[in-house]
Amino acid sequence: MADDKPLRSFRESPWRYSQFVILGLIVAGLVKWISPFGWLPSLVVGAIVAISYLLFEKKRGVI
């Protein structure tokens, strides 16, 4: 069952943006666990971190 499609790099994969979502969720969970914030403020903090990292990677030219 050999597949003749060439392997795509992570940059070309549609999953390349999943790292930012995962990072945002991890940060949100940590903020919720460590701080007295509820889930909504924690998710906002996680989203800010994820978007900041996305913009940083775009500025570096990785994405």
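**Overall fold.** I looked up the secondary structure and found two helices and zero strands in the protein chain, where helices (H or I, at least four residues) and strands (E, at least two) are DSSP runs numbered from the N terminus. I note that this is a predicted model, in which local features need pLDDT of at least 70 and side-chain atom pairs count only at pLDDT 80 or more, while totals for chains, interfaces and linings use all residues. Residues are numbered from 1 along each chain as its sequence is written, and side-chain values use heavy atoms, with hydrogens and water left out.

I then looked up burial, and 16% of the 63 residues of the protein chain count as buried; buried means under 20% relative accessible area, exposed over 50%, and partly exposed in between (1.4 Å probe, protein chains only). The protein chain exposes about 5,300 Å², of which carbon and sulfur atoms supply 71%, with areas from the Shrake-Rupley method with a 1.4 Å probe and, for residues, only the protein chains shown counting as cover. Among the contacts in the protein chain with a separation of 6 or more, 40% come from residues 24 or more positions apart, a contact being heavy atoms within 4.5 Å.

**Helix H1.** I checked the length of H1 against expectation: its 17 residues should span 24 Å at 1.5 Å a residue, and the end C-alpha atoms are 24 Å apart, which agrees. The expected span is 1.5 Å times one less than the number of residues in the helix. I listed the buried residues of H1 as Phe20, Gly24, Val27, Ala28 and Val31. They cover an arc of only 105 degrees around the axis, which puts them on the same side of H1; the arc is that of the directions from the helix axis to the C-beta atoms. The face turned away from this buried side carries the exposed residues Leu25 and Trp33, and what covers the buried residues of H1 includes H2.

**Helix H2.** I found that H2 has 22 residues and reaches 31 Å from its first C-alpha to its last, close to the 32 Å expected at 1.5 Å a residue. Its buried residues are Ser42, Gly46, Ala50 and Glu57. Seen down the axis of H2, these fall within an arc of 65 degrees, so they line one face of the helix. On the other side of H2, Leu40, Ile48, Leu55 and Lys59 are exposed, and H1 is included in what covers the buried residues of H2. Just after H2, I noted that Gly61 takes a positive phi of about 90 degrees.

**Aromatic rings.** Which residues make up the aromatic cluster? I found that Tyr17, Phe20 and Tyr53 form one cluster, and that the structure holds two aromatic pairs. Rings of Phe, Tyr and Trp (its six-membered ring) pair if their centres lie within 6.5 Å; planes under 30 degrees apart count as stacked, over 60 as edge-to-face and the rest as tilted. Tyr17 and Phe20 form a tilted pair, at 6.4 Å centre to centre with 40 degrees between the planes. The rings of Phe20 and Tyr53 have centres 5.3 Å apart and planes at 55 degrees, so this pair is tilted. Phe20 lies in H1 (residues 18–34) and Tyr53 in H2 (residues 39–60), so the pair ties together parts that are 33 residues apart in sequence. As for cover, Phe20 is buried at 6% relative accessible area, while Tyr17 is partly exposed at 34% and Tyr53 is partly exposed at 31%.

**Salt bridge.** I found one salt bridge in the structure, defined as a side-chain nitrogen of Lys or Arg within 4 Å of a carboxyl oxygen of Asp or Glu. The side chains of Arg60 and Glu57 meet in it at 3.5 Å, N to O, and both residues lie in H2, three residues apart, about one turn of the helix. Arg60 is exposed at 53% relative accessibility, whereas Glu57 is buried at 7%. Not counting residues up to four places away in sequence, Glu57 touches Phe20, Val62 and Ile63.

**Chain end.** Ile63 and Arg16 are 47 residues apart in sequence and 8.4 Å apart in space, C-alpha to C-alpha. Not counting residues up to four places away in sequence, Ile63 touches Arg16, Tyr17, Gln19, Phe20, Leu54, Glu57 and Lys58.
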